[in-house]
Amino acid sequence: MSTNPVEFAAAAPDPMVPRPYRVERVRQETSDTFTMELESEGGPRDLPFAPGQFNMLYAFGVGEVPISISGDPARRSVLIHTTREVGMVTRAMRKLKTGDSLGVRGPFGVGWPVKEARGADVVIVAGGIGLAPLRPALCQVLAARNYYGKVALLYGTRTPADILFRRELQQWHSRFDLEVHVTVDRAMGNWRGNVGVVTSLIRRALFDPDSTVAMVCGPEVMMRFTVQELETRGVSAENIYISMERNMKCAVGFCGHCQYGPTFICKDGPVFSYDRLRRLFAIREI
Ligand SMILES: Cc1cc2nc3c(=O)[nH]c(=O)nc-3n(C[C@H](O)[C@H](O)[C@H](O)COP(=O)(O)OP(=O)(O)OC[C@H]3O[C@@H](n4cnc5c(N)ncnc54)[C@H](O)[C@@H]3O)c2cc1C
Ligand code: FES
C-alpha cells in the first residue's frame, strides 16, 4: 500500500480522508462570493450527489470547511461550490487558481425532498448565499418539470450587487413554467425591481398551500420569518424544509461539533422539515 498521503487518499474511500481535486474554473459571482468547479485528480469521474448535500473542502495547510454543492446534479463529472469569503479557510480557497489542488470529503448529509415533492407545488425561498444550496434542487425540479404543479423561486439579497447566478436567473425568469421574483433590501444604482425583505414575496406567489412543498435557505433570522409567513399562508410545518448551519469537524456524526438538541446537523440534516425543528428553532441561543 502507498505511504504517499495523496495516493492513499485516492485509493481509499474513507469519509475521513480528503481526496485530491483539481480546480478547473473559478468565477467571481459578487465582490465576496465565488463559484469553483472541481474535477477529481485520479479518482472517480462520476460524482453523484443529492441536492442540498455538502462537501468538506480542505484548503491544504489552512483548514477544512463545509460548503454545499451548488452544481446541477445532472452534470456528474464536475463538483461545483459557491462560497462566500468570510474567514481564513474561505479566503485561502478564493486564492486558488485553475490547476491548483483542494481536498474534498463527501458528499454528506440529507438534502432537499425533490423527488418526494412530485405532484405538489414547489416554493423555493432563498436569502443571499442561500440560493447556492437550493440551485441543485431547482435544476432537478426543472429537469422533470412535468411532475410538479406550480413552481416559484423567491430570492432576496441585501443589495443588487449581492445577487448570485445572474445569467441563470434571467434564463429562469424567461421560462413560462417558473415564477421568479427577486427583491433587495436596499435599491442601488439602476435597480428597478422589488425592494423589501424576501418574505414580502410570499404573499404574491401563486401556489396552493394545501399541496405545496417549500424549501428555504438563508440566514436563520430570514428562515424564521419565512416559515412564519408560509404558515400564515397555510403551508403545513411538515411541508416546509429548512437548511441549518453549525460548526462542523467530522461531518459524519462522530465529534458532536454540530449537535443541535438531539440531532446532528451533519448527518441528520442539514435539511430538516420544520415540524422536526420547531421547538429548538424557537430558542435562539442553541
Ligand atoms: C452544511 C453547511 C453548508 C454550508 N454551505 C455553504 C455554502 O454553500 N457557501 C458558503 O459560502 N458557506 C457555506 N457554509 C458556511 C461555511 O462553512 C463557513 O462560512 C465557513 O466555515 C467559514 O470558514 P472560514 O474559516 O473562512 O471563516 P471563520 O474564520 O470560521 O469565520 C470568519 C468569520 O465569519 C463568520 N462566519 C462563519 N461562518 C459564517 C456564515 N455562514 N455566515 C456569516 N458569517 C460566518 C464567523 O463568525 C467569523 O466571524 C455552510 C455551512 C454548513 C454547516
Ligand atoms: S460535525 Fe462531527 S458530529 Fe457533526
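The legends below describe close-up views of a predicted model.

In this predicted model, local features need pLDDT of at least 70 and side-chain atom pairs count only at pLDDT 80 or more, while totals for chains, interfaces and linings use all residues. Residues are numbered from 1 along each chain as its sequence is written, chains are lettered from A and ligands numbered from 1 in the order in which they are written, and side-chain values use heavy atoms, with hydrogens and water left out.

**View 1. Residues around ligand 1.** Ligand 1 is surrounded by 18 residues, of which Pro66, Thr82, Arg84, Thr90 and Glu245 are the closest; a residue belongs to this shell if one of its heavy atoms lies within 4 Å of the ligand. By class, the shell holds ten nonpolar, five polar and three charged residues. Here Ala, Val, Leu, Ile, Met, Phe, Trp, Tyr, Cys and Pro count as nonpolar, Asp, Glu, Lys and Arg as charged, and the others, Gly among them, as polar.

View 2. Polar contacts with the ligand are pairs of N or O atoms within 3.5 Å. For Glu245, an N or O atom in the side chain is 2.9 Å from a nitrogen atom of the ligand. Thr90 places a polar side-chain atom 2.5 Å from an oxygen atom of ligand 1.

View 3. Strand β4 gives the largest share, four residues. Helices (H or I, at least four residues) and strands (E, at least two) are DSSP runs, numbered from the N terminus.

**View 4. Surroundings of Lys249.** Lys249 is in the loop between β12 (240–243) and β13 (259–260). Apart from neighbours within four places in sequence, Lys249 is in contact (heavy atoms within 4.5 Å) with Met56, Glu64, Arg105, Cys255 and His257. Met56 is 193 residues away along the chain, yet its C-alpha atom is 8.7 Å from that of Lys249.

**View 5. Surroundings of Pro209.** The loop between β10 (194–195) and β11 (212–217) contains Pro209. Leaving aside neighbours within four places in sequence, Pro209 is in contact with Arg233, Gly234 and Val235. The C-alpha atoms of Pro209 and Asp121, 88 residues apart along the chain, are separated by 8.3 Å.

**View 6. Backbone geometry at Pro107, Pro270 and Phe165.** The Gly106 to Pro107 peptide bond is cis, with omega near 0 degrees, and Pro107 is in strand β6 (residues 101–108). The bond from Gly269 to Pro270 is cis, with omega near 15 degrees; Pro270 lies in the loop between α6 (265–268) and β15 (271–273). Phe165, although not a glycine, has a positive phi of about 50 degrees, and its place is the loop between β8 (151–157) and α4 (166–173).

Definitions and conventions: A polar contact is a pair of N or O atoms within 3.5 Å; within protein, one must be able to donate a hydrogen and the other to accept it, and residues adjacent in sequence count only if both atoms are side-chain atoms.
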